[in-house]
Each structure stands twice: as structure tokens, then as C-alpha cells.
Amino acid sequence: MTLRNFYANDETVQTILKNGLDSEMFSYAHKALQTFGEQVANEIDERARHTDREGEPKLVKFNRYGEDVSAVWVNEGYKKTVKETYETGIVGYVHKEIPEIGRKGNYMYSFAQGYVLSQAEAGFYCPVTLTMATAFLLEHYANEELKARFLPHVCATGDVELFEGATFLTERQGGSDVGANVVRAIADGNQYKLFGEKYFASNAGMAGVAMVLARIEGAQEGSKGLTLFAVPWRHEDGTLNGISIRRLKDKLGVRAVPSGEVEFDGALAYVVGDKANGLKYMMEALNLSRICNAVASLGIMRRALNEATDYAQRRDAFGQKLVQFPMVQDTLGKLTAKMEVEMATVFDLIQLYDRVVAKEASDEEIILNRLYIAILKKESAEQAIHFAHEAIEMHGGNGYIEDFVTPRLLRDAQVLTVWEGTANILGLEFVRLVRKFNAHTLFVKTMKDRLQNIPKTSLKSIVDQVLIELESDLLVFTTLNEDMQTFEAKALAKRMALVYESVVALEMAETMGEHMTLLAEIYLETTWGTRKVGEPMKTCQFFK
């Protein structure tokens, strides 16, 4: 039997990596992803199904003596997935040398791993994301003592004990209004002790160290009074560090990750960076997590598309395969075009993000990076739900049955519009970027500059026109009052995401051959509604 492989047959991600990595890094990544792609598509996928259906995490609150141990039980298959995934360097090799080539990896390679992983286990990619964010915060802002204590474990690849990470922001009274947080930090010698609760604490009980926002006694109210702390889950003797889990959440999807309500009662905590910049640091980690969210969306989109295509090619109806019907070809053609273009656009952002993290980007690129993250996180999360829905519909009644992966894809996809900022929160980020940094002007200029490098065609004319219309509406947007700006923000953010993707689609058509030219045509025709009734169906040409 030929084993499936979520990387080997994915020409788009291979092309993206080949163009985005130098030859040495690509050679390593390509080989490693061949192995990981097979592993994810088979053993990890089967374990993910078991975890979702029968083996989700369970809270063991007390031991046999009645003592609060706040332990989280996870099944043995999940433990294997944890071990195998971190040993690929999905977190570690962003921060330390890859032994085989004697140099660090980068986020492009890490996110390619995350994309492959999310096709089977988007739930577990949440703890990976939290561990990536923890490593980022420790490397960039912790002092040398804290780095030496925690970073090697957070970046473990089988060489030392693994400490998964966590980022605890949300409290019951505040939610997204982080400035309302009330978890207290009381000085205790050179460190602090935390008191209070965090209401949505993902990876609770599995994390070795959590990055926590708390308010030092006497600090000002609001977001500027928050400090970032590194909080080990246990003392060095193995006892709990003043932390208990009240309960685990009973979630719609992503059941692999234990999300709980965590209470601090004198938990030892260590200040990370400047005490006055806690929220600023956490927002930088949040932007990293938002890219992870977009990558997880891509993984679900790809799996949904592959499942829908495979079923359409297998299923007989009315004397022929489903895939032979024009309506089915139209659906699959549109999904394929959106998949490839959005994939390339997210990784276009990731290339910029690597430069921002390496401090090689200009001030303007740093602003664009924030804008791209906001608009693509929103668009990709919404598309993940749409793709999962379409995959279910392609299967008919079977798509609604848990024997197939499609119900889990939909349940897991739904959280991606919530994690790391809802559409409303992302809309507010868009408003801030326009007001404070004129991000809309930078966006339009960048898109125009990229379009200048593309030969004039009928496809380009479409994008030129929608960009002109977008620029005009953005100028109007800047004149509106705050209420009207928040009202218009989400719709404009979506249009910006689609224009960005359209520019990337044209670039793909120029560099990736006839196949991609057809997909670009389908994408632009579908996105901007340029096809008239009775005209040739490009989506059906895709299957000839």
C-alpha cells in the first residue's frame, strides 16, 4: 500500500520553499519535510482522530490523598506526536543550529512544518504556536539568566527535557480588553509572586513555562501597567509552583489542546524585559501567533480540498464520477485557485516576517508586516471554515459522519476566527494602523510598485482597476469619524486582503507556468466577478 504524504505531492509549497530558501536550507527542508509529511499523513493523523474521538485531555485534580495536583492526562499517542513533532525542530531550529547544516533555520521552514502538521492535527499546532511565542519572548526580551534557565528546554529537540510554552493573557472580566486584567504580582526578593486567575489558559498542565501578564502592586491601571513574567509550572523539586487548574474547557473542536481556567496562589514569577512594556512584548508574540493561525487555516483548507477532490474522483453518481460534472468542477476549481493563491500570499508575508524578526526590514515594512498579518489572519480563518463546509457538502451525507475527517475539520476550523483576535479585534488593528501610521498609503504604494513589474494583460487590468477603487475608498475612510471607521473596517480589510492576493496571483502567473496562469484567471474571475453568464467556464478547463 502506498502511504499518503502531505508534502510530497504539494507542488505549491515545494515551489514556495525553493524560491524562498537558499539552496542549502531548501535541500535540508525538502528532505526533512518529505519524512514529516508522510509521518503526519499516517501515524499522526490516526492519533489525531483517536484524540478527538476518544482520547481528549482530562484533568486529574486530586491524588489519592486528596491533594491538589492539577495534572492533565493525555493519551499515549498524543505524547508520541508531541515528542516526534518537537524533535523535527519546528520550534527549536528557529533559535538554534540545525546539526546537519550547522546553522539556524527560519520561520519560513517552521511555518511549512506547521502547515503540514495542521492538515492532520490543527489542535496540537496550538501548543506548538504557544511554544514558538514563548521562545520568541525569551530570546528577544529575557535576561541572560532566564534565557539560560528556560530557552534550551523550550527549544528542545530531544537533546534536553522539553518545556512546552503557554501565553496566558485573558481574564474573565476583560477578555480581549487586556487592560482590564487584575492578576497581581507582589514583590518577593528578586522575583515576584502572582495571585489571581486566567480564564482561557491553553496548554494548561502541559506547559513547562508560561508567559503571563500581571500587574505589579502600585502599577498604573490599564494596559500600560502590565508586566510580562515567565512562570515555571513546577518548582525544581517537581511540586506545583502555586498554580492550580480549576477546570478544563469543553470545546467544540481542537480537543487535543487542554484549555483551562488557571489560578495563581503565590506562583513564583520572573520579570521578562522592561516592566513597563509587558503588553507591547506580548503583542509582538501575538502577531507571531496570528501567522501561526493563518498557517493552521491553510492546513485545514488543503486537507478539506484534498478530501473533497478525492471523494469527487471516487464517487459514482448518475453513471459517472462526481468530478465529471461541471458544477463539481466549478466548485473544486474555485477552491483550488483560492488555495494556491492564498498559500502563496501567506508565505509572501512570512518572507517579510523573517526579515522583520532579523531586524533587516525598514520602518515602512514593519508597518506593512502588521497590516498583512491582520488582514490575512482574518481572511484565511474565514476561508478555513468555508473550505471545510464545501468539503462536507461534496461528500453529501457522508461528510457529516464522524467516520470521515470532514466534521473535525469544520469543528477545528471554527476556532481560527476566534483565536488570536476575532474579525472585530483585527478590524480595530486595521483602524489603528491607518490612523497612526498611514498603513493604507503604504499598502497602495507597495501594490502599485509590484504591479509595475508585471506586463500589461487583461488580468492585470482587472487588478489595476480594483486597486484604484480601493485607494479611493481608503481615502474616504480616513475622513470618517471613529464609529464609521470601525463600521467600515472589516469590509475594507477584506478588500485589501483580496487585492494583495490578486497581485500575488499575477506574479504566480508570470513565474509558475500555464497551470498557475489558469488558476490566477479563475481566482481573479471568481474574486472580482468578471465572468458573464454564458462565457467559457475556466474552472472546467482546469480538469481537462
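Start by selecting Asp-45, which sits in helix 2 (residues 23–53); helices here are DSSP runs of H or I with at least four residues, numbered from the N terminus. This is a predicted model, where local features need pLDDT of at least 70, side-chain atom pairs count only at pLDDT 80 or more, and totals for chains, interfaces and linings use all residues. Residues are numbered from 1 along each chain as its sequence is written, and side-chain values use heavy atoms, leaving out hydrogens and water.

Is Asp-45 buried or exposed? Asp-45 counts as buried because its relative accessibility is 9% (buried means under 20% relative accessible area, exposed over 50%, partly exposed in between, with a 1.4 Å probe and protein chains only).

A cavity is a set of points on a 1 Å grid over the protein atoms alone where a 1.4 Å probe fits but cannot get out, and lining residues have an atom within 4 Å of a point. Grid points are joined across faces, edges and corners, and a volume is the space filled by probe spheres set on the points. How many cavities of 30 Å³ or more are there? The count is two.

Select Tyr-125, Trp-419 and Glu-420, which are among the residues lining the largest cavity. Helix 4 (107–141) and helix 6 each give two or more residues to this lining, and the volume is about 80 Å³.

For the second largest cavity, of about 60 Å³, select residues including Ala-48, Arg-255 and Asp-412. Helix 2 gives the largest share of this lining, with three residues.

Finish at helix 13 (residues 482–511). Its 30 residues should span 44 Å at 1.5 Å a residue, which agrees with the 42 Å between its end C-alpha atoms (the expected span is 1.5 Å times one less than the number of residues). At its start, a side-chain oxygen of Asn-481 comes within 3.2 Å of the backbone nitrogen of Asp-483. Move along to Ala-489, where helix 13 bends by about 45° (the angle between axes fitted to the seven residues ending there and the seven starting there).

Notes
Polar contact = N/O pair within 3.5 Å; in protein donor to acceptor, adjacent residues only side chain to side chain. 1 Å grid on protein atoms, 1.4 Å probe; cavity = no way out; pocket = protein on both sides within 12 Å on 5 of 7 lines; lining within 4 Å.
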